[in-house]
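The following exercises concern the chains shown below. Each task is followed by a worked solution.

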Amino acid sequence: MNYILIAEQTLNGLQLGVMLFLLAAGLTLVFGIMNLVNLAHGALYMVGAYLTTWFYQATGSYLLAVVLGLAGTLAVGIVTELVALRTLYERDHLDQVLATFGLILIFNELIAIVWGRAALYSTIPDYLSGHVQLTDSLRYPLYRLVIIGVGLAVAVLLWFTVSRTRIGMLIRAGASNRAMVAALGVNIRLLYTIVFGVGAALAGLAGLLSGPIYAVQPGMGELILIQVFVVIVIGGIGSIRGAFAGALIVGMVDTMGRAFLKPTLATVLSPTAAETAGPALASMLIYLLMAAVLAFRPEGLFPSRGS
Amino acid sequence: MRKSTVSLRAGLVAAAAFSLCAAAPASAQQKVKIGFITTLSGPQGVIGNDMRQSVEMALDHLGRKIGGLDVEIIYGDDQVKPDVGKQVAEEMLKKHQVNFVSGIIWSNVMLAVAPTVTGAGTFMIGTNAGPNQLAGDQCNELFFTTSWQNDQTPEAMGKYMQDAGLQDVYVMAPNYAAGKDMVTGFKRYFKGKIVDEVYTRLGQTDYQAELSQLRSKNPKAVFVFLPGGMGIQFLKQYSEAGLRGQFPLYSVYTVDELSIPAVKHAALGQLETRYWSQDLKNEANVKFVGDYKKKHGRPPSFYGAQSYDGMMLIDSAVRAVKGNLSDKKGMTAAMRKADFKSTRGKFTYNNNHFPIQNFYLLKTVAGAAPGSDPVMEIQKAVFTNHKDSYGKDCKMKW
Amino acid sequence: MITTRNWILVAILLLLGAVPAAAAYFEQPFYLDLLRRVMIFAIAAVSLNLILGYGGMVSFGHAAYLGIGGYAVGILAHHGIHSGWLQWGLAIGASALVALAIGAISVRTSGIYFIMITLAFTQMLYYLGISIEEYGGDDGMRVPVRSQFSGLVDLNDGTQFYFLVLGILAASLFLVHRLVNSRFGMVLQAIRSNEARTRAIGFSPYPYRLATFVISGAMCGLAGALLVNHTAYLTPEFMNWTRSGELMFMVILGGIATSAGPLLGAAVLLLLEDVLQGWSLLPREAVRDHWQLYLGIFLVLVVLFARRGLAGLLPGKNE
């Protein structure tokens, strides 16, 4: 048993999970509280990646680029909410799906018009690159550790905000009973805008973190969006805790599947059979997992109390 | 409310009727009409754009005339979908009545479109996709390609690595038809030990898991096929993981002039095999690359070079029959001669209308000017006059 | 009951019937193929509307049945069986069976969970299709010989094929119309409206939903068989979730739970794509390459201003 390899793959799964969590948290909040299916969430992820990359090239300072990128994504998110999404809250899920799909097309093409279709060159500053020697035989890229760190910090921050602060209380109340919260005199529109903004910022954060390691190109959001939906279904809609658990589970299962499924299958099947079955099964793995969760616990692993 | 909806509908109906009538049948004047199908939307539009720019350059170099006749070029977008590609081809054949259909990046689109075009008695001049079915039992008099047969490029890499005596190679490709073909082609010439053959998910973005596995196997060399965005992502992550210095990376269709601007120094040292390179020194290529760089600020990709050649091939055929576009047999005979100045230098055609050509080893090196992007340069020839492996399955003899 | 809306639908069908003659007169045979493709997707959209619009089951995996129907034809053709009766029979039967299997599990859930589970199943089928090398895998497979119907209809004749598709479309619309207005359909719509109340009057939703799911799958499987004959090519890409999304958009765009909706939605979505790419009124590059931008704006505008979809814009009472 190669323990170093397993440890490394665990870290990989954790990092993938944390990335998925950043995206899932925003999406699940918006869906749970505002009852809005937002397919364009991936577009905000893309906007975050593009703005930060562009600002970094323009200013030369990574930290400044991160701040500007996040602020920019937040602005784009809020403008989108005010202009296009406000009217969708009362509408059917289906209408929301169609409208937000239209938004995806619009965002992708606008980005292509401004920056072209070719992938953008995105990189990290020197102080974030390189490796960390975790044990005397395990080296791990520093940047990936930073991602894990940032993701966990955001998770703690979100948990604290939702469970310990007044605004968090309003969010939880809004998820439970929207009408009652409005009747109590809370400015529900403002609350919604804030929640959407937070979701947009989280998506933007995920985007700027992934820019340097993935390809920054139009349509990059859709590639990861379907995995995010799987995460929130497994975790439970409207629940941050569920998003966290679901994201880590999906990240781990997917990583471990890709790494160890084929060699595991090879012990019981012939090598050629394992070679075809392994990759095919690994691709389907997270969907099988989701189907299983839905079959036994349809409300998700950690449903929010309102549902 | 009623009034506006009625007028909206009336407007739509009128527009539809108008467009039906407005598309006139082919004019009586002698003109060459070429339909060029590629991908112009979505992230892969990058490739289609390069092809279109190269086609335009070719037509400019030819003085906007093909074989002495005026030319009309119509571009179509296949959206990477075979059924859309087929619909676009049918529109070009039936509505625009083109004399030639050209282009097509993707093998599955080509397999849907080529029979449609040749079945209608029109020439299909492929400028990228080279599926083995069209090189073998589905070869056709009216089908020519200016690119290569899919297996040839990995065969060249396999031969190079075999000759270099490399052992313990780690192989990786996406789990779809082209991915498997690349590995098959590679193994046709590489007979050394392969430590692992890994197929990743098509469209996968994160390769950390695979990279960790790779490191644990400790190979002497790594061979990958990861086209498009997958290649960009893999290269960035490979470089970030510090594996560049540790395990030499060989690839096909993973690094090219279109992806280098996105990865920059992460591509340095990358070795690929290809039938063409922007620094190939022959008359046509020097002119093509030079003018392209001047106009677009960067060298063209091989997709562009192939599309450029496609136009030149068509021109040579029309010229040979002196503009008599109904003499299809004459044009086939002319094309078989490959009598035009190709960007790859002189070459001949195999019986299945696929080129017999050289393959070179290319290396990504630092750009000439400081701060400029890396470029790919030829190191040596791997194959001279290499034939594809499917010609024997093609029944054409000439 | 023939409402104004239904008369309009009949009129549209008659107009479609006139297309071959018009196409021949104006010498534009391409439009025959284009509209035939539109009608095939309309049949798929009609089948989806049955479960999505009337049944309230938002299936994100409907494209799977296009694939199953297509592969039924393709696989039989690959092994030399060209009888249309067998091929299309298998297409319908296999789709119904798979719908039964997937439905048995999925129909117990609802809402977003139903969407995701149908999505999951379709993705699994898609990845399965990619890995089966024998039938082309990702490259797909050519189907050069069209289904043969022992001389009754020759699918190689563009016009005959066109009328066959038109006939099947009309039949599907009629079938759905009768189904929805029958006792069965009433219960289905009641379940969609208020499940608790329907249960209270003594109807169990599960068998009604499952039956509708199977009928819908079978109809879509037939559309798949038609599609493969039309394109003469088959690829697992037909089962991709983005294709399912396109079908959903056709139904929603057209107006859910309406008779004319699926046809309008399919027609507008597919024709708009074609028109935007070939529009010669604006400079080519600006429109053609970025046609998806205009499509996106169009979709958003329709949702914001045409609350009941395109069918809602038609004169006549909303169903």
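A residue is buried if 20 or more other C-beta atoms, placed from the backbone, lie within 10 Å of its own, exposed if 12 or fewer do, and partly exposed in between. The model is predicted, with local features requiring pLDDT of at least 70 and side-chain atom pairs pLDDT 80 or more, while totals for chains, interfaces and linings use all residues. Residues are numbered from 1 along each chain as its sequence is written, and chains are lettered from A and ligands numbered from 1 in the order in which they are written.

**Exercise 1. Characterise the fold of chain C.**

Step 1. Chain C contains 13 helices and two strands; helices (H or I, at least four residues) and strands (E, at least two) are DSSP runs, numbered from the N terminus.

Step 2. The radius of gyration of chain C, taken over C-alpha atoms, is 19 Å, close to the 20 Å of the globule rule (2.2 Å times the number of residues to the power 0.38) for 319 residues; chain C is therefore as compact as a globular protein of that length.

Step 3. Along the principal axes, the C-alpha atoms of chain C occupy a box of roughly 60 × 45 × 40 Å.

Step 4. Buried residues make up 56% of the 319 in chain C.

**Exercise 2. Describe the side of chain C that touches chain A.**

Step 1. Contact requires C-beta atoms, placed from the backbone, within 7 Å. By this criterion, 30 residues of chain C meet 31 residues of chain A.

Step 2. Two or more residues come from each of α5 (111–131), α10 (241–254) and α13 (291–305) of chain C, and α5(C) gives the most, with 10 residues.

Step 3. This side of chain C has 23 nonpolar, seven polar and no charged residues, where Ala, Val, Leu, Ile, Met, Phe, Trp, Tyr, Cys and Pro count as nonpolar, Asp, Glu, Lys and Arg as charged, and the others, Gly among them, as polar.

**Exercise 3. Describe the side of chain C that touches chain B.**

Step 1. Here 28 residues of chain C are in contact with 28 residues of chain B.

Step 2. At least two residues each are supplied by α2 (30–54), α5 and α13 of chain C, with α2(C) giving the most, five residues.

Step 3. The classes are 11 nonpolar, eight polar and nine charged residues.

Definitions and conventions:
Two residues are in contact if their C-beta atoms, placed from the backbone, lie within 7 Å.
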